[in-house]
Amino acid sequence: MDAVATVGAPPQSVTGPGITTVLTIIIPTLNERENIEPLVALLSEALPDTAWEAIIVDDDSRDGTSEHVRTLARRNPRVRCLQRIGRRGLATACIEGVLASCSPYIAVIDADLQHDERLLPRMLEALESGTIDLVIGSRYVAGGGFGDWSNDRIRISGIATRLAHFICKAEIADPLSGFFMCRREVFEGALHRMSGQGFKVLLDLLASSPEPVRVRELPYRFRER
């Protein structure tokens, strides 16, 4: 499902000497120590031919997430830790992760292993085509779903999604998804308008964009946490 608009020319995803990364994956965390290494392994498997990095933005977890990420980063140069002291919130964590990166493409994924990282190459391919600005992992398009969510949880999510459509500028099925990838210019264009409040950074991004964004939704099914 594409919302027609153009936000500049697509960045070039070139690798080689002097080029660091094509894709930065922002992973907000709060007490996710045990999930970090499995997630990084899954990302490595999903993106074997892509110059990517993972920025783990940790809100000073009590379980030692930040220390664990730094230990992992000493062995794996793809991994970086951004530890925040005295600040909480998924939206601002994502914003600060973007500002700490320089890649032409930005992805946001949860650390709880519920999002399907195997979708990332298809997201990147869509963005590199130059016809799409933002790709969403969607639970509400054909082929998507909620895994083992209870009926009550699905119903509440549906109500929240319908309410989100009132403030979302793009015609999309899942404006509350926490799993998406976009061109850097899209995020930077909206940054100064974003509220940074709450946990729905995609909705904040879409509502704050100064012009319509070309959007594609790809289906995925929630995994168990």
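Guide: Contact here means heavy atoms within 4.5 Å. This is a predicted model, in which local features need pLDDT of at least 70, side-chain atom pairs count only at pLDDT 80 or more, and totals for chains, interfaces and linings use all residues. Residues are numbered from 1 along each chain as its sequence is written, and side-chain values use heavy atoms, with hydrogens and water left out.

Visitor: Which residues of helix 2 are buried?

Guide: Buried means under 20% relative accessible area, exposed over 50%, and partly exposed in between (1.4 Å probe, protein chains only). Helices (H or I, at least four residues) and strands (E, at least two) are DSSP runs, numbered from the N terminus. In helix 2 (residues 65-75), the buried residues are T65, S66, H68, V69 and L72. Seen down the helix axis, they fall within an arc of 160 degrees, so they line one face of helix 2. The arc is taken from the directions from the helix axis to the C-beta atoms.

Visitor: What covers the buried residues of helix 2?

Guide: The cover includes strand 1 (23-29), helix 1 (33-46), strand 2 (52-58) and strand 3 (79-83).

Visitor: Which residues touch the most other members of the largest nonpolar core?

Guide: In soluble globular proteins, nonpolar side chains tend to be buried together. A nonpolar core is a set of buried Ala, Val, Leu, Ile, Met, Phe, Trp, Tyr and Cys residues joined through side-chain atoms within 4.5 Å. The largest one here has 34 residues, and I25, I27 and L120 touch the most other members. Strand 1, helix 1, strand 2, helix 2, strand 4 (105-108) and helix 4 (120-128) each supply at least two residues of this core. Apart from it lies another core, of 26 residues, with L134, I136, C182 and A190 among them.

Visitor: How many salt bridges are there?

Guide: A salt bridge is a side-chain nitrogen of Lys or Arg within 4 Å of a carboxyl oxygen of Asp or Glu. By this rule there are 13 salt bridges. One of them pairs R80 with E53, whose closest N and O atoms are 3.2 Å apart. R80 is in strand 3 and E53 in strand 2, 27 residues apart. R80 is partly exposed, at 32% relative accessible area, whereas E53 is buried, at 8%.

Visitor: Which parts does the salt bridge of R214 and D133 tie together?

Guide: The side chains of R214 and D133 meet at 2.9 Å, N to O. R214 lies in the loop between helix 7 and strand 7 (215-219), and D133 in the loop between helix 4 and strand 5 (134-138), so the pair ties together parts 81 residues apart in sequence. Both R214 and D133 are buried.
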